[in-house]
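Here is a friendly tour of one protein model, written for someone who likes to know the cut-offs. Have the coordinates open as you read.

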Amino acid sequence: MANEKNDVFENFELGKALISSLEEAVAFTKGDKTKGRVRVYEIPTPEYKAKDVKRIREDLHMSQAGLALALGVSKRTVEAWETGKNMPSNSSNKLLYLVEKDKGIIDKLVSVR
């Protein structure tokens, strides 16, 4: 009998937790971003090689100096990537990925006059 009583209370606590979770989900969908939990997962990005960097730059119709300015690196860094002397860092790979997938991002990073 004692075990039955504990099971009832455990189910009651589980029910309260479920109701609370649903209330948070409703509040979140109505715009209350303090409710609910968001899980962030990393999307794997490619490791760009020399030919990839050059292809992206040429697709954007940019010079090495222009791409360097947009990505926040030096012209020498872009040169080193394109010759295979160095590889882009993880953060640079992410920027290259974004620029490759949405060419309009460049317009938000640099202005051509």
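## Contacts and overall make-up

Residues 24 or more positions apart account for 57% of the protein's contacts with a separation of 6 or more, where a contact means heavy atoms within 4.5 Å. The secondary structure comes to six helices and zero strands, in the order α-α-α-α-α-α along the sequence. Helices (H or I, at least four residues) and strands (E, at least two) are DSSP runs, numbered from the N terminus.

Of the 113 residues in the protein, 23% are buried; buried means under 20% relative accessible area, exposed over 50%, and partly exposed in between, with a 1.4 Å probe and protein chains only.

Residues are numbered from 1 along each chain as its sequence is written, and side-chain values use heavy atoms, with hydrogens and water left out.

The mean pLDDT (the predictor's confidence in each residue, from 0 to 100) is 87 for the protein, and 87% of its residues reach 70 or more. Where pLDDT is low, the predicted coordinates should not be read in detail.

## Helix 5 and its buried face

The twelve residues of helix 5 should span 16 Å at 1.5 Å a residue, and the 17 Å between its end C-alpha atoms agrees with that; the expected span is 1.5 Å times one less than the number of residues. Its buried residues are Ser92, Asn93, Leu96, Val99 and Glu100.

Ser92, at 8% relative accessibility, counts as buried, and beyond its neighbours within four places in sequence it contacts Val73 and Trp81.

## The nonpolar core

A nonpolar core is a set of buried Ala, Val, Leu, Ile, Met, Phe, Trp, Tyr and Cys residues joined through side-chain atoms within 4.5 Å. The largest one has 15 residues, and Leu60, Leu96 and Ile106 have the most contacts inside it. Helix 2, helix 3, helix 4 and helix 5 each supply at least two residues of this core, with helix 3 giving the most, four.

Not counting residues up to four places away in sequence, Ile106 touches Leu60, Met62, Ala70 and Val99.

Terms used
This is a predicted model: local features need pLDDT of at least 70, side-chain atom pairs count only at pLDDT 80 or more; totals for chains, interfaces and linings use all residues.
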